[in-house]
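Student: Could you take me through a helix pair and then a bit of sheet in this model?
Tutor: Gladly, one topic at a time.

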Amino acid sequence: MTASRAERQKFSIGYHLNSWDLAGLPLTPAIEFLAKQGFGWFEILAFTSLSDQYARKYMQLGNQAPMGVTTDTDILRRYALLSEAQSAYGINLSSLYVNAIFTNPVAWEYERDVLVALARLLKGFGAPVLVLGGGPSEGIAGPHSAEDYKAFCRSLEDIGRRTHDLGIETVYHPHLDTFVERRDQLDRMMDELDTRHAGLCIDPAHLAHTNSDPVGTLKTYMSAVRYMHLKDTRVDPALKGYDRYAAFCELGAGVVDLPGLVDVLLDADYSGLAIIELDASQKTAEQSTLESIAYVRDTLGLVLTPQKTAA
C-alpha cells in the first residue's frame, strides 16, 4: 500500500508574518493566531536599515513614503516582541529574511557585521536559518560578469562559514529584482557557489514570474536546498513593477505546481522547514492564512507538523 504524503512527510510547515507586517498590523495577535492554527514556526523580515535601503534602491515596490528613521530601540523592541510571543505561544522563529548588496566592497563590511549580529540573535531564538536576498539585479546594474558572480558567492560563503559556527544555515533566496531572478542566473551562481557553506531557499512564485520552472529547479538543486518557501502566484507577462508582487496569492489560487514541488521534497526526504508566504492579502491576513492551510491539508495531503517516527 502506498504511503500518503502526510505519512512520508518529514518537514514542518510554518508561516511568514509578511501579510501583517507589511500592512502595519500588530504582530503579537498575528503570532498568537498562527500558534492557534497549529503552526510551530514563523518567519519575519529583519527590517534593518541596510535591508530597507536595499529594497528602496533596487526593488520595484511602487510609490512609498520617505524612509523613516529606525533607531536601535525600535529594532530591539521589534525583536523583544518576537521573543515574548515565542515564549507566550510556543511558536518559534524559523529565520530572519534580510537583503544585502554583497558585491559592493565598501558596503560589504557593514553588511557582513549586521548579518553576523543577526545570526547571533537567531542563535538566541533557537532559529535554524538565516535567509539572505538581494544583490543588484541586471535591470539595475547591467549584465553580471563572471567576476560579479565570484564576488557575490564569496560573500555568501563568508557569511555561511560564520553562521555554521553558530549552528545556523545560511541560504540565498532567488527573488524578483535581485541578483538572481531567473533559472539561468541561478545556474551560474550554483556553478560558482561552495554549497558546503551556503545553500538555497527556493521560492516557486518568484521563479514562476521569470518563466523559470520551479519544479525543475527544485529537482536540480535539491541537495543544496536547506529552507523552502511555499508560495503561489498569478502570472501575466503584462505585469510590471509592483503589480508582480500584488499577483502573489493564497496557495492553490495561482499557477505554481505545488503538488509537484511537494513530491520532490518528499522523494528527497527533506526534513527542513517549509514556510507559507503571502506578501499582501487582498482579503484579510487571517482569511488568506486559513485558505492556504486548507489547501495544504485537503489538496496537498500534508500536515503542519509531522509526527516523529521512532528511530
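**Helix packing, then a strand**

Tutor: The axes of helix 3 (residues 27–37) and helix 14 (residues 285–299) come within 12 Å of one another and cross at roughly 25°, which makes helix 3 roughly parallel to helix 14 (angles under 35 degrees count as roughly parallel). This is a predicted model, in which local features need pLDDT of at least 70, side-chain atom pairs count only at pLDDT 80 or more, and totals for chains, interfaces and linings use all residues. Residues are numbered from 1 along each chain as its sequence is written, and side-chain values use heavy atoms, with hydrogens and water left out.

Student: Is helix 3's crossing with helix 14 left-handed or right-handed?

Tutor: Helix 3 passes helix 14 in a right-handed crossing.

Student: And which residues meet there?

Tutor: From helix 3, F33, L34 and Q37 meet E286, T289, L290, I293 and R297 of helix 14, where contact means heavy atoms within 4.5 Å. By class, the contact of helix 3 with helix 14 has 4 nonpolar, 2 polar and 2 charged residues.

Student: New topic: strand 10, which way do its residues point?

Tutor: In strand 10 (residues 273–276), L273 and I275 point one way while A274 and I276 point the other, and all are buried, meaning under 20% relative accessible area with a 1.4 Å probe and protein chains only.

Methods. Axes are lines fitted to C-alpha atoms, for helices over the stretch in contact, and angles run from 0 to 180 degrees between N-to-C directions. Helices (H or I, at least four residues) and strands (E, at least two) are DSSP runs, numbered from the N terminus. Angles under 35 degrees count as roughly parallel, over 145 as roughly antiparallel, 65 to 115 as roughly perpendicular and the rest as oblique. A crossing is left-handed if the near helix is turned anticlockwise from the far one by less than a right angle, and right-handed if clockwise. Ala, Val, Leu, Ile, Met, Phe, Trp, Tyr, Cys and Pro count as nonpolar, Asp, Glu, Lys and Arg as charged, and the others, Gly among them, as polar. Buried means under 20% relative accessible area, exposed over 50%, partly exposed in between (1.4 Å probe, protein chains only).
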